[in-house]
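Here's a quick briefing to read alongside the coordinates. Take a look at the model first, then come back for the notes.

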Amino acid sequence: MSLYCLFIARKSSKRIKNKNFIKIKNRPIIYYPIKTAQKSNLFKDIYLSTDSLTIKKYIEKIGVKAPFLRKKKFSGDNVQIPEVIRNFFSETKKLNFKKNDIFVFIYSTNIFLKSDDLKKAISKFINQKLDYLVGVQKYSANPSRSFTLKKGFLKPTSISFYLKK
């Protein structure tokens, strides 16, 4: 059994243009969860599935493998994460992953990820012999109060929330 990590990142984003390369402390957002995964020393290899040559070149420089560029049909706004993950395994058959290998999927924009959280989750996954494990947390604010970035301006996600008396 080997542990692997998988990130997905596409070049276009509906709400925030080039979100994977927005800088925080002079580093792109995508850098932080990848570095956390690398520093955890948990993974045999770390992979990324992307449709962007720019993202592919960047992550390969920091030690992440991107064995292919994802096809357009797996990169649209309506493509779900399970489809992208299935596509990753389809495209990487030649890498001969084993049936008992474990893959940890991490969002490429998860800048608050901690190695200890990864270690606890993987320990729980293995010790309890789970099929899958999903990390969640309470959302402290009403999601209706959120905003999206459109054409350089913040717009309320739910205008009706702000129009209430």
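**Hairpin, helix and salt bridges**

Phe147 stands opposite Pro156 in strand E7. This is a predicted model, where local features need pLDDT of at least 70, side-chain atom pairs count only at pLDDT 80 or more, and totals for chains, interfaces and linings use all residues. Residues are numbered from 1 along each chain as its sequence is written, and side-chain values use heavy atoms, leaving out hydrogens and water.

**The hairpin**
- E6 (residues 147–150) and E7 (residues 153–156) pair antiparallel over 4 bridges; pairing takes at least two DSSP bridges.
- With 2 residues between the strands, they make a hairpin, and Lys151 in the turn has a positive phi of about 50°.

**Helix H1**
- In H1 (residues 31–39), the buried residues are Tyr31, Pro33, Ile34, Thr36 and Ala37 (buried is under 20% relative accessible area, exposed over 50%, partly exposed in between, with a 1.4 Å probe and protein chains only).
- Asn41 follows H1 and has a positive phi, near 55°.

**Salt bridges**
- The count is 4, taking a Lys or Arg side-chain nitrogen within 4 Å of an Asp or Glu carboxyl oxygen.
- Asp77 and Arg10 meet at 3.0 Å, N to O. Asp77 sits in the H2–H3 loop and Arg10 in the E1–E2 loop, so the pair ties together parts 67 residues apart in sequence.
- Lys56 and Glu60 meet at 2.8 Å, N to O; they are 4 residues apart in helix H2, about one helical turn. Lys56 counts as buried at 16% relative accessibility, while Glu60 is partly exposed at 37%.
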